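Here is a protein model for a first look. Please keep the sequence and the structure side by side while reading.

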Amino acid sequence: MSAAPKTPIFPGSLDAAGQPATLGVMGGGQLGRMFVHAAQRLGFFTAVLEPDAQSPAGLVSHHHIQTDYNDPTGLAQLARLCHAVTTEFENVPAEALQALAVTRPVAPGAAAVGIAQNRIEEKAHFTACADVSGVTCAPYAVIETLAQLNAVPADLLPGILKTARMGYDGKGQVRVKTAAELGAAWGDLGQVACVLEKMLPLKAECSVLVARGWDGRVVSFAPQRNVHVDGILAVTHAYDGNMPPALATAARAATVSIANHIGYVGVLCVEFFVVDDGSQHGGLIVNEMAPRPHNSGHYTMDACDVSQFDLQVCAMAGLPLPAPRQHSPAIMLNLLGDVWLDTSGDVREPDWQAVLSLPGTHLHLYGKLDARAGRKMGHLNITGPDVDGVKTVARQAADVLGLPGLDFI
Ligand code: ADP
Ligand code: MG
């Protein structure tokens, strides 16, 4: 377990050695870039450890340490430069976080990140919290051996076989209807450790972001409703009335208890399913957690007085955690590389002129110059004085850009 900073790390301050207050991040993707922007706006220096020379975060940071995530020299350099370290992706090697934690505050810590890296441990954690959180995960079975495969109860089918590790954006998942399909799918996945989850009748999906400080203080955002297309987040709805209030309250409370249970420090996102259980609004099921800011929280950058990245900065630095206030209803549209590709797969410039002419649009691009189908290139936040106006602009922007996920509203 990493130690808290002895005193808060104030932006703009110099340490005893005369070094400016510097925050570090493992990983150079878009989440790291938005973290760097938030840290710099407050006055921190930043350092990014990332092997890729042209990464979104590395391009905008004061320091870019270009080594592998578990390179001892790179990690030592990061520790030397930084007064605290965070992570922007959950597959950062837990040993790297452990090594950094010997000399530096690291938030979230290796143990929490380790749980989020492995669906088997993650589900065990959710189950351990269920008495307090009031929310269980989908019925599931662990499959690590042939004997476990053969012992899978029939009522888990049809189901989704998910690799325990390294799955994201629907990757590492196979939908199976029969025991024969399950066996074949496990073979196709290389017989690695998996969980089989019962396929649930989803009414909706939502997620909750909380930030928890070294002192255990927790602040949170209201739940956002998420629409996925082909396993990737397409649209986030963030406004009053986006989901039934009782479910929103339960999801928020469950997320706080899931963070508290492991003494989490930093920003945590928990994803939930709303399932059709015969009740009026449906029931909540906890799906997975991300030990970092999350794509579904990007609306907070324009719709709230404090964003998820601001809270990531404050939490790791031991600064007071402001309770965020959402001042505008918002819809976030994810911009995948597909937006840059015409029907024959050639790259074209999206019609930004038309999109940016729409009221309340806020464009965030991640500095990736190479558009590929399915690649997260940026997002568009739409805010406005009222929900109906925001929905109208979102539909117009989605039409201009050819985006999916808004057709059912
Ligand atoms: P990832 O790590 O790729 O986000 P998830 O477990 O969140 O993996 O699954 C991706 C999407 O697949 C979910 O957002 C949901 O739309 C769908 N899905 C996953 N598990 C189930 C399930 N048990 N029943 C129904 N749909 C599911
Ligand atoms: Mg997910």
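The report below goes from a sheet to some helices, a metal site and a few single residues.

This is a predicted model, in which local features need pLDDT of at least 70 and side-chain atom pairs count only at pLDDT 80 or more, while totals for chains, interfaces and linings use all residues. Residues are numbered from 1 along each chain as its sequence is written, chains are lettered from A and ligands numbered from 1 in the order in which they are written, and side-chain values use heavy atoms, with hydrogens and water left out.

Four strands form an open sheet in the order 3-2-1-4, with parallel pairing. Strand 3 (63-65) and strand 4 (84-87) each have a single partner strand, so one side of each lacks a neighbour in the sheet. From one strand to the next, the twist averages 20°. Helices (H or I, at least four residues) and strands (E, at least two) are DSSP runs, numbered from the N terminus. Two strands pair if DSSP finds at least two bridges between them. Strand 1 (residues 22-26) and strand 4 are parallel partners over four bridges. M26 stands opposite T87 in strand 4. Helix 1 (residues 30-42) packs on the sheet and touches strand 1, strand 2 (45-49) and strand 4. The direction of helix 1 makes about 175° with that of strand 1. Such axes are lines fitted to C-alpha atoms, for helices over the stretch in contact, and angles run from 0 to 180 degrees between N-to-C directions. Contact means heavy atoms within 4.5 Å.

**Two helices.** Helix 2 (residues 72-81) has G74, L75, L78, A79 and L81 buried. Buried means under 20% relative accessible area, exposed over 50%, and partly exposed in between (1.4 Å probe, protein chains only). The buried residues of helix 2 pack against strand 1, strand 2, strand 3, strand 4 and helix 3 (94-101). D71 caps the N-terminal end of helix 2, with a side-chain oxygen 2.9 Å from the backbone nitrogen of T73.

In helix 7 (residues 179-188), the buried residues are L182, A185 and W186. They fall within an arc of 100° seen down the axis of helix 7, so they line one face. That arc is taken from the directions from the helix axis to the C-beta atoms. On the face turned away from the buried side of helix 7 sit the exposed residues A180 and D188. Just after helix 7, G190 takes a positive phi of about 80°.

**The metal site.** E271 (OE) and E288 (OE) coordinate the magnesium ion (ligand 2) at 1.9 to 2.5 Å. E271 lies in strand 14 (residues 266-275) and E288 in strand 15 (residues 283-290), 17 residues apart. Donors are N, O and S atoms within 2.8 Å of the metal (3.2 Å for Na, K and Ca); water is not among the atoms, so sites may look incomplete.

| Residue | Relative accessible area | Class |
|---|---|---|
| E271 | 12% | buried |
| E288 | 22% | partly exposed |
| D302 | 18% | buried |
| G263 | 23% | partly exposed |

D302 belongs to helix 9 (residues 300-303). Leaving aside neighbours within four places in sequence, D302 is in contact with H327, H362, H364, N381 and T383. The side chains of D302 and N381 make a polar contact (2.8 Å). A polar contact is a pair of N or O atoms within 3.5 Å; within protein, one must be able to donate a hydrogen and the other to accept it, and residues adjacent in sequence count only if both atoms are side-chain atoms.
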